[in-house]
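Visitor: Can you walk me through this one? I'd like to start with the helices.

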Amino acid sequence: MNDKSSYHQHYKNQALRAPEQMDAFWMPFSANRQFKHQPRLLASAEGMYYQSTDGRQILDGTGGLWCCNAGHGRQRIIDAVQQQIATLDFAPTFQMGHPLPFVLAERLAAIAPDTLNHVFFTNSGSESVDTALKVALAYHRARGEGQRTRLIGREKGYHGVGFGGISVGGLPNNRKWYGNGLSGVDHLRHTLDIDRNAFNRGLPQHGLELAEDLERLVALHDASTIAAVIIEPIAGSAGVIIPPDGYLKRIREICDKYGILLIFDEVITGFGRVGKAFAAQRFHVTPDLITTAKGLSNGCVPMGAVFIADKVHEAFMSGPEHMIDLFHGYTYSGHPLACAAALATLDIYAEENLYEKAISLEQYWEDAIHQIKGLPNVIDIRNFGLIGAIELAPREGKPGTRAYDVFTKCFHEKDVLIRVTGDVIALSPPLILEKPHIDLLFSKIADAIRETA
C-alpha cells in the first residue's frame with residue numbers, strides 16, 4: 001500500500017482486535033492482563049499529537065517515552081531513513097565501516113561537553129549503560145589498576161534493564177526477580193526529600209549533604225577498589241527526582257579526589273530536555289562518560305551512544321595498533337538507518353533551536369504545573385527544564401492505583417497521554433510544544449485528578 005491514509009486505515013483495522021487475540025505480544029513493563037481488558041492503542045502520530053485507533057487526537061505529554069523531542073512525523077527524518085534504506089540497508093562495523101557513524105560521531109562530539117570527544121554507538125539506553133560500565137572497568141585495567149572493580153549507583157536510580165544496569169540501579173522491582181546481579185555494587189542514598197523540599201521550584205535547596213554519602217562509601221570500600229559512580233542528573237523512572245543545588249558538583253569533586261570515574265546517565269535528559277544538549281552543560285558539571293539514547297534519533301530508529309572523555313579513550317590506545325582496542329560491540333552499532341535518523345534529528349534540533357526553546361518555556365511550564373498544587377491528594381510537584389512530576393498520595397493498601405486511574409482517565413476521557421510511575425505523574429512533552437499545549441495539558445490533568453479523588 002503506497003497511499004499513506006490507506007496504510008493508516010489498514011493498520012488501525014489490524015489493531016482493533018479482541019483481548020483474546022492479543023496474547024502473542026508480551027508487553028514490556030506492563031500489566032498485560034489489565035491492559036488487554038481495555039487496550040490503549042495508538043495508530044498514527046504527527047506533531048504534538050497521537051491518533052488513537054478509535055480516531056481521537058491524543059496530546060502527547062510524554063514525548064512518546066521521553067524520546068520524541070522533536071515531535072512526531074517529522075518529514076526530514078522520514079526522508080532521511082527512506083533514502084538511506086534504499087542506498088545502504090546495513091553495513092558491518094566490526095573491522096569494516098561506512099561513512100555515517102564517523103560523520104555522526106563528529107557531529108555529536110561538537111555539541112558534547114568539552115573533553116568528551118569520542119562516541120561509541122549502541123542500540124538503546126540499556127546497552128549504553130552496560131557499555132559505559134564495561135569501559136570504566138576496562139579503563140582502570142588498562143591503567144594497571146585492575147583492582148578497581150566496584151561500581152556505585154544510587155537508590156531509586158534507573159539505568160536500563162541489562163544485568164549491569166539493574167545492578168547499579170536502585171529500583172527493587174527491577175532487580176529482585178533476577179538473582180544477585182553484578183557483585184561488588186553499592187548505592188548512594190537517593191535525594192528525594194518531600195518533607196523538606198515539597199513543591200520546590202527548580203533545584204531543591206535541601207539535600208546537598210547527601211553527596212557526602214560517596215565519602216562514606218569510599219571509607220567503607222577504599223577508593224582503590226572503586227571504578228565508577230553512575231547517576232542520573234535528573235532521575236526519571238523513579239518519579240523525576242531533581243538534584244539538590246550543588247549536589248552534582250560535589251559528587252564530581254569527590255570522584256576527582258579519589259580517581260573514580262563519573263558516569264552521567266542522560267538517556268532522558270540528553271538532547272534538549274533541560275535546555276542544553278546535555279544536563280552536564282546545564283549544571284556545569286562534566287562527567288567522564290555520558291550515556292544517551294531516546295532523543296538521539298527522536299525515537300524513530302533504536303539507537304544509543306556513549307560519550308567518552310579523551311583521557312579514557314587514550315588509555316585504550318597504548319597497545320599494538322593491530323590489536324582490538326575494546327572487546328565490546330553490537331551487530332547494529334552505528335546502523336545506517338539509525339545514523340540517518342540521528343543526523344536528521346540533530347539538524348532539526350539545531351535549525352529550530354529546540355534546546356533554547358526548552359529554556360524559553362521553562363518558566364511558563366513551571367508556573368503551569370505548580371497551579372496543580374492544592375488539588376486533592378497532590379503531595380508534591382517537581383520541575384526542571386521541560387520535565388515535570390506531580391506526586392499523589394497513595395491509597396491505603398493500594399499504592400500506585402490512584403495515579404494509574406488518573407492515567408487511564410487522561411487517555412480514555414481527556415485525550416491526553418501522561419506517564420505514571422508508582423503514584424507519580426511524569427511529564428516530558430516534545431520540545432516543539434507551545435504555550436496553548438501547556439495550558440491544555442495541565443487543564444486536562446487537573447480535571448482528571450479532581451475526578452479520581
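Guide: Contact here means heavy atoms within 4.5 Å, and helices (H or I, at least four residues) and strands (E, at least two) are DSSP runs, numbered from the N terminus. This is a predicted model: local features need pLDDT of at least 70, side-chain atom pairs count only at pLDDT 80 or more, and totals for chains, interfaces and linings use all residues. Residues are numbered from 1 along each chain as its sequence is written, and side-chain values use heavy atoms, with hydrogens and water left out.

Visitor: Which residues of α16 meet α17?

Guide: V406, K409 and C410 in α16 meet K444, I445, A448, I449 and E451 in α17. By type, the residues of this contact are five nonpolar, no polar and three charged (Ala, Val, Leu, Ile, Met, Phe, Trp, Tyr, Cys and Pro count as nonpolar, Asp, Glu, Lys and Arg as charged, and the others, Gly among them, as polar).

Visitor: OK, and the sheet: what is the strand order?

Guide: The order is β1-β2-β3-β13, in an open sheet of four strands with mixed pairing; two strands pair if DSSP finds at least two bridges between them. β1 (42-46) and β13 (416-417) are at the edges with a single partner strand each, so one side of each has no neighbour in the sheet.

Visitor: How many bridges join β2 and β3?

Guide: Three, in the antiparallel sense, between residues 49-52 and residues 57-60. Y50 stands opposite I58 in β3.

Visitor: Switching topic, where does G97 lie?

Guide: In the loop between α4 (75-87) and α5 (99-111).
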